[in-house]
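I opened this entry to look up pairs of charged side chains. My notes follow the display.

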Amino acid sequence: MVQVVAKKKNTGVQKRKAQTFVIDCSKPVDDKIMEIASFEKFLQDNIKVNGKAGALGDSVRISRDKSKISVTAEVALAKRYLKYLTKKYLKKNGVRDWLRVIASNKDRSVYELRYFNIADNEAEEEDE
């Protein structure tokens, strides 16, 4: 005989917790390779919410603090999507060959823009 167990339905409305992601652009901004204001504008124009780019509304907020950009989302927003948009911005401005986007070791909600280690590669080529 099969016993049927009734599942309890959740009648309360759960509110989603806001996610905050940070993109640290301190190294390229200090070297004047990129402008943080143009990157912030690029994100505002290109982040898609419900299939529409640029229509952030109240669900996504982008703020800038010197050389860091914070993206706070109350809707589902993948961290990987921000990495994709950052790479797209770097490629558009022609600095993708020198910069890479890396997740910080300290805090997993932070991306950093770092330079490729070109000096190490040149030293390895000379050894061969």
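Is Glu 112 buried or exposed? I found Glu 112 buried, at a relative accessible area of 16%; buried means under 20%, exposed over 50%, and partly exposed in between, with a 1.4 Å probe and protein chains only.

I note that this is a predicted model, in which local features need pLDDT of at least 70, side-chain atom pairs count only at pLDDT 80 or more, and totals for chains, interfaces and linings use all residues. Residues are numbered from 1 along each chain as its sequence is written, and side-chain values use heavy atoms, with hydrogens and water left out.

I looked up the salt bridges next (a side-chain nitrogen of Lys or Arg within 4 Å of a carboxyl oxygen of Asp or Glu). The structure has 4 of them.

One of them joins Glu 112 to Arg 114, at 3.2 Å from N to O. Arg 114 is partly exposed, at 27%.

Another links Lys 41 with Asp 45, at 3.0 Å from N to O. Both residues sit in helix H2 (residues 36–46), 4 residues apart, or about one turn of the helix. I took helices (H or I, at least four residues) and strands (E, at least two) as DSSP runs, numbered from the N terminus. Lys 41 is partly exposed at 46% relative accessibility, and Asp 45 is partly exposed at 38%.

I also looked up Arg 61 and Glu 74, which form a salt bridge with their closest N and O atoms 3.2 Å apart. Arg 61 is in strand S4 (residues 60–65) and Glu 74 in the loop between strand S5 (68–73) and helix H3 (79–92), so this pair ties together parts 13 residues apart in sequence. Arg 61 is partly exposed at 41%, and Glu 74 is partly exposed at 34%.
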